[in-house]
Amino acid sequence: IMRHVEMGKSRMQATLEGSKEIAFTIVSMTISLAAVFIPVLFMGGVLGRLLHEFAVTIIAAILVSGFVSLSLTPLLCSR
């Protein structure tokens, strides 16, 4: 985003273009990281019951992090 601002673009235009450049990477990393913990949700036995809450928490944190990376971080960077 700062590279686009230094090139003379407005803050809004720089934010939109900078976000477009990294959006696919963020979405793919978020989905792949969340997908790693999905099998833990379906584990059986004592270990599955112990790790169920852990998997739900990690998946939720990864999804929230991806959302923040696509929305709040570019907004704050443009300011």
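Select F24 to begin: F24 is exposed, with a relative accessible area of 68% (buried is under 20%, exposed over 50%, partly exposed in between, using a 1.4 Å probe and protein chains only). You are looking at a predicted model, where local features need pLDDT of at least 70 and side-chain atom pairs count only at pLDDT 80 or more, while totals for chains, interfaces and linings use all residues. Residues are numbered from 1 along each chain as its sequence is written, and side-chain values use heavy atoms, with hydrogens and water left out.

F24 sits in helix α2; helices here are DSSP runs of H or I, at least four residues, numbered from the N terminus.

Now bring up both helices, α2 (residues 11-41) and α3 (residues 45-70). Their axes run 9 Å apart at an angle of about 175° (axes are lines fitted to C-alpha atoms over the stretch in contact, with angles from 0 to 180 degrees between N-to-C directions). The two helices are therefore roughly antiparallel, a label for angles over 145 degrees. On the α2 side, the contact residues include A23, I26, V27 and L33; on the α3 side, L51, A55, I59 and L63 are among them. Contact means heavy atoms within 4.5 Å. Colour this contact by residue type and you get 18 nonpolar, four polar and no charged residues (Ala, Val, Leu, Ile, Met, Phe, Trp, Tyr, Cys and Pro count as nonpolar, Asp, Glu, Lys and Arg as charged, the others, Gly among them, as polar).

Next stop, T30. Is T30 buried or exposed? T30 is buried, at 13% relative accessible area. Beyond its neighbours within four places in sequence, T30 touches I62, L63 and G66.

Then pick F37 and F54, which make up an edge-to-face aromatic pair, 6.2 Å centre to centre with 75° between the planes. Ring centres must lie within 6.5 Å to pair, and planes over 60 degrees apart count as edge-to-face. F37 belongs to α2 and F54 to α3, 17 residues apart. Both count as partly exposed: F37 at 22% relative accessibility, F54 at 44%.

Residues 21-42 are 95% helix, with end C-alpha atoms 35 Å apart. For residues 54-77, helix makes up 96% and the ends are 32 Å apart.

Conventions
Angles under 35 degrees count as roughly parallel, over 145 as roughly antiparallel, 65 to 115 as roughly perpendicular and the rest as oblique. Rings of Phe, Tyr and Trp (its six-membered ring) pair if their centres lie within 6.5 Å; planes under 30 degrees apart count as stacked, over 60 as edge-to-face and the rest as tilted.
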